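Dear colleague,

I am handing over the structure that we spoke about, and you will find it directly below. Please look it over before reading the notes that come after it.

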Number of protein chains: 6
Amino acid sequence: MRILIINPNTSDEMTKGIDLTAKKYARKDTEIISVSNRKGPASIESNYETALSLEGVLGWVLQANREKYDAVILACYGDPGLEASREISEIPVYGIGETSMHFAAMLGRKFSVITDLPREIPWVKRDVTRFGLNAKFASARAPGIAVLELQSSFDTTLKGLIKESKKAIEEDGAEVICLGCAGMAGYDEAVEKATGVPVLDGVVCAVKFAEAMYDYGKSISRIFAYQKPEPKPLLNIPPEFEVK
Amino acid sequence: MRILIINPNTSDEMTKGIDLTAKKYARKDTEIISVSNRKGPASIESNYETALSLEGVLGWVLQANREKYDAVILACYGDPGLEASREISEIPVYGIGETSMHFAAMLGRKFSVITDLPREIPWVKRDVTRFGLNAKFASARAPGIAVLELQSSFDTTLKGLIKESKKAIEEDGAEVICLGCAGMAGYDEAVEKATGVPVLDGVVCAVKFAEAMYDYGKSISRIFAYQKPEPKPLLNIPPEFEVK
Amino acid sequence: MRILIINPNTSDEMTKGIDLTAKKYARKDTEIISVSNRKGPASIESNYETALSLEGVLGWVLQANREKYDAVILACYGDPGLEASREISEIPVYGIGETSMHFAAMLGRKFSVITDLPREIPWVKRDVTRFGLNAKFASARAPGIAVLELQSSFDTTLKGLIKESKKAIEEDGAEVICLGCAGMAGYDEAVEKATGVPVLDGVVCAVKFAEAMYDYGKSISRIFAYQKPEPKPLLNIPPEFEVK
Amino acid sequence: MRILIINPNTSDEMTKGIDLTAKKYARKDTEIISVSNRKGPASIESNYETALSLEGVLGWVLQANREKYDAVILACYGDPGLEASREISEIPVYGIGETSMHFAAMLGRKFSVITDLPREIPWVKRDVTRFGLNAKFASARAPGIAVLELQSSFDTTLKGLIKESKKAIEEDGAEVICLGCAGMAGYDEAVEKATGVPVLDGVVCAVKFAEAMYDYGKSISRIFAYQKPEPKPLLNIPPEFEVK
Amino acid sequence: MRILIINPNTSDEMTKGIDLTAKKYARKDTEIISVSNRKGPASIESNYETALSLEGVLGWVLQANREKYDAVILACYGDPGLEASREISEIPVYGIGETSMHFAAMLGRKFSVITDLPREIPWVKRDVTRFGLNAKFASARAPGIAVLELQSSFDTTLKGLIKESKKAIEEDGAEVICLGCAGMAGYDEAVEKATGVPVLDGVVCAVKFAEAMYDYGKSISRIFAYQKPEPKPLLNIPPEFEVK
Amino acid sequence: MRILIINPNTSDEMTKGIDLTAKKYARKDTEIISVSNRKGPASIESNYETALSLEGVLGWVLQANREKYDAVILACYGDPGLEASREISEIPVYGIGETSMHFAAMLGRKFSVITDLPREIPWVKRDVTRFGLNAKFASARAPGIAVLELQSSFDTTLKGLIKESKKAIEEDGAEVICLGCAGMAGYDEAVEKATGVPVLDGVVCAVKFAEAMYDYGKSISRIFAYQKPEPKPLLNIPPEFEVK
C-alpha cells in the first residue's frame, strides 16, 4: 500500500524525522511518502497556527485522493483538520493523536501524553475529549521544549521526556506514555527503556493502523458526521478545493 | 462601543440579515459594523468549509485589532476559529454559538439547538461538549433547510423551525430554544410566539454579552489556553498574520 | 429598567456594599433597589441558614412581582431559592452564582470560585453541578474568612483572596476567578490587577445579564421545570404566599 | 429505637398512611412516631412548596434532638431540607428519596422512579444527581396524579403506577422501581406483583436503614459538608432555631 | 433468617474473623454461617486470583440455594462473582463492596476506600464505577499491607489504616471511610475513634442490608441483567453447576 | 509471528469459524492457532458462564506463555478474563471486544454493537464502560439469536444483523457497527454491503492489532493495574496455575 504522510507544519527537517520513523516500522510492502506543508507556520503549538496550516493540509489530502494513495496520515499530534479531511476524502485519513491515544488505551488502564510546552496541555485535554477517551486519560505533562527545539539536543529532550513520563507514572497513575508531538520521533525506545512502560510514537501507531485497516479492507465511515460537503461557491480559494 | 461582526461565510445577503438583527437589539451607543468573509465558502455546513473560512476570519480579527474595535463577534453558529482568534486578539472575541448556549442554560433547565441540516447535528453536539454544557443540553434537531435557503421562503423556514422546536420541547424536554445558525436571523420572535418558550438568536446574545463585558471592563482570559502564539516563520501566508 | 436586588441575609451593611457595586456598573437607565432579608440569619454559610432565609427571599420576590419590577437578583452566591423563586415569578429572577459561573465559563477555559470558609467548598461544588458547569470548573478554594468579616479588614481579605486565586491559577489551571460571596463586593478589581486574569463579581454579572435580557425581551422559561405551583392550602404561612 | 418520621407536608391523612406503612415493616423493638408539618403547604410538588416547608421540617428535627429520638426520617420523596437538617442534628436524619434510590441501586442494575406529576420529573432527575446515582438511573415517569389524590381512588392510582412502571421496565430498562412519593404508601406490593420487579417504598427503606445503622452504631458524618453552623443572629426566627 | 457468608478465599483464619464480626452486629434472630472457599487462592489481591476463586464461590452459592438459606454474602471487597451469583440464585446475594460503598454514600457527601496494597487501587476504582458511585467517591488509598498480614500485627495495621484514612479525609475530602477488605474485620471502631468520621466494615453492612431486605421481603431483580442462564452443556464442570 | 486464539467456549465448530476468519485476514507470516476451551460452557451468554470459562481460559494463556507464542487473543466478545490474563502473561493478551470497539471509535464518531440476545445488552454496556468508550457509544442491539444458533441459518442471522444494524444507524446515530460475538464470524462483509458503514469483526481486529503491536515491539503495560500476582497457596487448583 501507499501512504502519504503529511507533516502539517513547513519544517522539512521534521518531515525527514517523521519519514525515517515511519519507514523503520512500516512493512516491506508499504510505501511511505512524507511531505511538508506548503503553506503555514514552521511549527504548530497553538490553535492559531493550526488554523493557518489547514488549507495546506487539505490541499495535500485532495492531492492524495487524486493520486490514488491508499491512506493519508496527518503527522501533528493535534490532528489538525482531521474531521475536515475525512469529509472530502475517499481514502482513509488517520491522525497520530487519535490513533496513538486509542492504542495506548488498549495497552494499559491509563495513559498520559507528554507534549512540548505547557500551553499545549489544555489542547491535549481538548483532544482527549474529542476522541472520547477521558476515562482512560491520566494526565498531560510538558517538559517545556518547543517543537522545533526537540531535535536540537537529543540529551536535553530525552531527559525532559523521561522526567515528565516518570511523573506521569508515579504521580498520575499512567501505565502507557504517548509522545505527544511528531517532532519527538526517535525518542520512544529510550523513554520506554528508562520508564519500563510502553511508550508510543504517534506516527508509528498511525502507520500500523493504516496497514491493519488496509488489510481488512476498512475505511472511515462517511454516513453521518463525515458526509461529503455540498458543492458551493468558494471565494479566493484555489479551484482544486471545489467539491464536485 | 464599536463591535465588528464577522460573518465567516462570504454571503453578503446573510451579512445584511445579521447586521439588521444586531442593530435591532444593540444599545444606542453601540456601533455595529458587519462584514462578510473575503475568502472561503458561501456557507458553512461542514468541517471542511469551516477550515476554508478560517484564514479569512483570522484576517478580520487581526484587522479589528489594528483598527481598535472594542469587540469582535463571529457570526456563525459553529464559532469557527474562536479559540484561534482569542489567542491573537487583544480585544475580546465572542462566538454566537458559545454565548447563546450559555444564555440558554441560564434561562431554563435544558435547551435544544435547531440547526439547518441533519449533517450538522453531530457538529452541534461536539460544540455542546466544547463549551462544557452537556448537562444542560436536551437535543439538536434540524428541519433540513440549507443555510442559504433559510431566507428564501420565510414561511417554509418558520414552519420547519416551529415543528422542530415543538418536538424538542415535547419529546426532548427542552425549555429554551437556540436558533443554531446566523442565517436564522429574524425568526426568533415568531418561533417564540408559537412555542411559548424563550427562543434565542445567537447574534443578539453575543452583542448583548459584548456590551455587558464592555461595561464591566472584562475581556477573555489569556493566561493559559489562549496565550499569544510565539513569533515564527509563516510560509505562503500574508505578512499581516505574523505574530509580533 | 428597575431591578430589585435581594440580599438573602439580614445584614444591612452588606446590602449597602452590594448596592454600591451594582450601581457602579449598572447602565444609567437602570434603577437599582437593594433590600435586606426581613427574616433569617445575619449571614449564610450553611444549608441550614439557607433554609431559614427562604421565606424572606420568596416574600421579596412576590413583592417585586406585585410592585412590577423588571427583574430580581438574588445576591448570595449560593443562589438560595433560585428555582423556587422562578416558579412563582412572572418577572425573571437571576442568581449571582449561576450568572457569574456561566460568564466565567465564556471568558476562559476553566474557572475557580473563591468562597469564604472551607465548609462552603462542598456547597460550591454542588452548585457547579446544579448549574451544569462541571466541565468548566477548575476548583473551589477558601481563604477562611467568614462572610461578615470580609469587609472588616480590606487588606486581610484582599491578601487572602489573592493568595487563593493564585493557587487556583497555578495549581488548578483556573483562567478566570469568581468571587464567591456577595460580601466580596469591591474586591474584584484589586484581585484582577494582582493575578492578571478576569475576576468576576457575581452581583455585577447578574445586573449586566438582567439588562441584556431586558433589552432582548427574554425571561426565564416556565414551561417545564419552573411551572407555576398549583394553588393549595398553606398552614401558618402569611396569605401573600398563596398561589392564585 | 425511637424514630421520628416527619411528613414535610401538613396533610394528616398522608401522615397516617406513612405511619401505617412504617409500622408494618419496622422491627418490634422500633418505636415509630409520625408527625405532620406544622407549617407549610398541604402537599409538596414544587420547589416553592419545598421552600415553604423547610422551617417546619427543621423545627421538628430540632425538637427530635431535644427529645432524644434515635433517628429522624423525612418522609417526602424530594428529601426537603435533608442537608440542612443534618447540619444541625446530633442524631441521624435520613431521607426517603436518598435511601430508596441507593437501595434500588443495590437490587438491580438500573432503577426508575415513578413520581406524581410530570412537573416533578426534572425534580427527580435533580435528586438522582444530588445523590450521585446517575449511572444507575433508568428514568423518571409520572402517571399525572397529584399527591393529595393518590389515595382517593386506589384502583386509578394503582393502574397508573403499574402502567408507568411497565413502561419504565420495557422502554427504559428499569430493573427496580421506586415509588417516588410518600403518598404512595401501600402500593408497593401490588405494583411488584403486577410487574415482577422489586418495588420500593421510600418510607420502609428509610426505616430499615435507620434500624441497620442504629444496630451498627453509625450516624451521618459531620466532618466537612454537614458541619454544625456557627451561632449567629437570626431575625424574626423563633429562638429554638438558634445554634448553640 | 439464615445467612451464608462466603469467604471467597481459602483462609479459615480470615473466615473466623469475618464470622465474629458478622455475629457481633447481627440481630438475635439472624443465624450466621460462615464458610471458606473450597477451591482457589489463599487471598485475593488480583484479577487472576479473583478468577480462580469463582468456581468455588459459585459452588457455595448453588449450595446455599439448595439448602434454602435466606441470603448469601460474598465477603471479599472485590465482590468476586457477584453478578454471576445473582444470575443463578433464587435467594439474594449481596457483596460487601457494593453494600458498604452505597451505605457510605448515604452517610456523607464523599467516601474513600482503604484497601490493602497499592496494586488494588485500580481495582477499587473499577468497582466504584461498577457500582455507579463515581460522583460520591473521594479516593482509594492503601497502607501497603497484604491481606494475610492484616491480622498479624494489630498495631501496625491500625496505624496504617488510620494514617491513610486521615490522608483521605484531609487531602481528598472523604467524609466516610470504607475498610476495603474483609481481612480488616475488627478495625472499624478504632479507626472511627481516631478519625472522627464513620468507618464502615463491609461485612457488617452486608449483614444489616440482608436483614433489612429480608424484613421488607425484597430480593435482587432478575428481569434483565440478572436473568437465569439457559441450560447448556458444561465440559469438565461438576454436574451441580448445571442450570435447570 | 505466532498467535494463539482462544475460544473461551467449548464449541469446536465455533472455533473453526474463528480460525477461518482469522486466517483470511492475517498476514502471510502470521501463524494462527485456534483452540477451544477445555473446560466450561458450550457458549457464553451470561456472567455465570463467563465465570465458569475462566479457569480454562487462564490455563490456555499460561500454556501460550510456556509455548512462547507471540500473542494471545481471547475470542469471545465479553473478553472473559482479559485483565486476569494480562496479570499472568509475559506475552500480550488482546480481547476482541476491546480491540474492535477502539477500532470502531477511530473509524467513525459513534459505534453500535450488535450482540446475540437482549440479555447481553447490559453486558455490552458494562464493557463499553470497562474499555472507557461511553463517549463513542451509540447503542447495543440484539436480533435475539443465541450464540450457538448464529451459524445454523446464514440467511436468518444475516437478516437479523442487518435489521438491527440499520436501526442502530438510523435511530441511534451509529456510524460503525461492531459484530458483538465471535460466533458472527463471516457476516461482516454482507452486513457492510447492506448498510454502507464499516462493519467490524472482533477477531479480525484483534489479529490486526496483534500484528501491529508485534511489528512495533509493544506489549501490554504491567506497571500498575496488570502487575504479576504474588505467589501464594492455591487450594484444589492444578499446579500449573501457581505464580512463580
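The notes below go through what was found, from the chain contacts to single residues.

This is a predicted model, in which local features need pLDDT of at least 70, side-chain atom pairs count only at pLDDT 80 or more, and totals for chains, interfaces and linings use all residues. Residues are numbered from 1 along each chain as its sequence is written, while chains are lettered from A and ligands numbered from 1 in the order in which they are written.

I begin with chains A and F. Contact here is taken to mean that the C-beta atoms of two residues, placed from the backbone, lie within 7 Å, and on that basis 36 residues of chain A are in contact with 36 residues of chain F. On the chain A side, helix H4 (96-107) and helix H8 (202-216) each supply at least two of the residues that touch chain F, and H8(A) gives the largest share, with seven residues. Helices (H or I, at least four residues) and strands (E, at least two) are DSSP runs, numbered from the N terminus. By class, this side of chain A holds 18 nonpolar, nine polar and nine charged residues, where Ala, Val, Leu, Ile, Met, Phe, Trp, Tyr, Cys and Pro count as nonpolar, Asp, Glu, Lys and Arg as charged, and the others, Gly among them, as polar.

Chain A is superposed on chain F by a rotation of 180° with 0.0 Å of shift along its axis, at an RMSD of 0.0 Å, which is the relation of a two-fold axis. The same surface serves both copies, since 100% of the contact residues of chain A recur in chain F. The superposition is by least squares on the C-alpha atoms of residues with pLDDT of at least 70 in both copies.

Other pairs of chains do not meet: chains B and E do not touch, with their nearest C-alpha atoms 14 Å apart, and no contact joins chain C and chain F, whose closest C-alpha atoms also lie 14 Å apart.

Within chain A, an automatic or database domain assignment provides the domain bounds, giving domain 1 (2-96 + 204-241) and domain 2 (97-202). The centres of these two domains of chain A, taken over C-alpha atoms, are separated by 21 Å, and 23 residues of domain 1 are in contact with 24 residues of domain 2. Helix H1 (12-25), strand S5 (93-95) and H8 of chain A each supply at least two residues of the domain 1 side, with the largest share, five residues, coming from H1(A).

A residue is called buried if 20 or more other C-beta atoms lie within 10 Å of its own, exposed if 12 or fewer, and partly exposed in between, with C-beta atoms placed from the backbone; H2(F) is mostly covered, as 15 of its 20 residues are buried.

Finally, E:Asp79 has a positive phi of about 45° although it is not a glycine, and its place is in the loop between strand S4 (71-74) and helix H3 (82-87) of chain E. E:Asp79 is buried, with 27 other C-beta atoms within 10 Å.

With best wishes
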